[in-house]
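Let's take a friendly tour of one protein model. Have a look at the fold below, and then we will go through a few of its parts together.

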Amino acid sequence: MQLGMVGLGKMGNYMTQRLIGGGHQVVAYDRDAGAVKSAATAGATGASSLEDLVAKLSEKPPVVWVMVPAGAPTDHTITQLAGLLGTGGVIIDGGNTNYKDGLRLYDACKAKGVSLIDAGTSGGVWGLKEGYCLMVGGDDQQVAHCEPIFLTLAPPKGYAHVGPAGAGHFSKMVHNGIEYGLLQAYGEGFEILKASQYAYDLGQLAELWGHGSVVRSWLLELLVLAFRQDPGLKDIRGYVDDTGEGRWTVEAAIDENVPAPVITLSLLARMASRQDESFSAKVIAALRNQFGGHAVKAETHG
C-alpha cells in the first residue's frame with residue numbers, strides 16, 4: 001500500500017527502506033533535503049513539504065507515519081497533517097510520545113475527521129534487518145486498514161493491536177521503563193565482576209551467559225558486540241541520558257500506587273551518571289569529616 005513517512009532520522013530512514021523492500025510505496029519528507037534525497041535513492045518518492053507529501057498520496061484514505069521527536073515537533077507535525085489530510089485521513093505516530101499527549105492529539109484529530117494511531121516502536125538501528133516490535137493502539141477499523149504496514153515492519157509475531165487510543169504509547173512507555181531496569185542490572189553486575197579479585201574476560205562471560213543462562217537476552221548479545229569493539233570500554237563515557245519514558249513510567253507507577261523500586265532507582269542512577277562530582281556526595285563527605293574526621297580533600301589545580 002501507499003503511505004507517507006515524515007521524519008527520516010535513523011529509524012525513519014530504516015523503516016522507509018524496510019517498507020520499500022516489502023513492496024509498499026513511500027512518499028518521504030524531512031526538513032533535511034539530504035535525507036529526502038537519500039530516501040529517494042532507496043526508492044521512495046521525495047516530498048519538499050508536508051503539503052507536497054499529502055498532495056502526492058493518491059490512495060484513499062491517505063496514511064502518514066510520523067517519526068519525529070516527541071513533544072512540540074510531534075504536536076506541530078500531527079496538528080498540521082490533520083488539517084491537510086481532511087476527513088478519513090489516518091496518521092500513525094511511531095515516536096515516543098507521552099500517552100497523555102497522544103490522547104489529547106487523538107481527540108484533536110478526531111474533531112477534524114482524522115484517525116490517529118499510536119504505534120509504540122522498538123528495535124532501534126537493528127530494525128531494518130531484524131524488524132520492529134510494534135505495540136499499536138487505535139480504532140479497530142483504521143488499525144486493520146494499516147495492518148499491511150505493521151506486518152511488513154515487524155518480525156513474525158512482532159506486531160499486535162494492544163488496545164484503543166493511547167494503549168500503544170502506554171505499553172511502549174512501560175517497555176522502556178523495564179529496559180532501564182535491565183540495563184542497570186547488567187551494568188552493576190559487570191562492574192562487580194570487573195572490581196573482583198578475578199581477572200575475568202567480561203566479553204567471554206557475556207557470550208557464555210547467552211547460551212542456556214536464565215539471564216540471556218538480546219541486550220546481552222549487544223554487550224558481547226560492545227566488548228569485542230572495546231574490551232575495556234575505554235572509549236565509552238559513563239554518561240547515560242534518558243528520553244522521558246523512564247520518568248513517565250515512574251510517574252504512572254505513582255499515579256497507580258504501584259511500587260516500582262527497580263525502575264525508579266535505575267532512573268536515578270542515570271541522573272547520577274551525568275554528574276562529574278555529586279554535590280550530595282560532598283555534603284556526605286563534609287558531614288563525615290565533622291563527626292569523625294574522615295575527609296578526602298579536593299584536588300587543587302594550578
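Helices (H or I, at least four residues) and strands (E, at least two) are DSSP runs, numbered from the N terminus. Axes are lines fitted to C-alpha atoms, for helices over the stretch in contact, and angles run from 0 to 180 degrees between N-to-C directions.

This is a predicted model, in which local features need pLDDT of at least 70, side-chain atom pairs count only at pLDDT 80 or more, and totals for chains, interfaces and linings use all residues. Residues are numbered from 1 along each chain as its sequence is written, and side-chain values use heavy atoms, leaving out hydrogens and water.

Start with helix 8 (residues 167-195) and helix 10 (residues 218-229), which pack at an angle of about 45° with axes 11 Å apart. That makes helix 8 oblique to helix 10 (under 35 degrees is roughly parallel, over 145 roughly antiparallel, 65 to 115 roughly perpendicular, and the rest oblique). In helix 8, Leu182, Leu183, Tyr186 and Phe190 meet Leu219, Leu220, Leu223 and Phe227 of helix 10; contact means heavy atoms within 4.5 Å.

Now find the open sheet: eight strands in the order 3-2-1-4-5-6-7-8, with mixed pairing. Two strands pair if DSSP finds at least two bridges between them. Here are two of the pairs:

| Strands | Sense | Bridges |
|---|---|---|
| strand 1 (residues 2-6) and strand 2 (residues 25-29) | parallel | five bridges |
| strand 4 (residues 63-66) and strand 5 | parallel | four bridges |

Methionine 5 stands opposite alanine 28 in strand 2, and valine 64 faces isoleucine 91 in strand 5.
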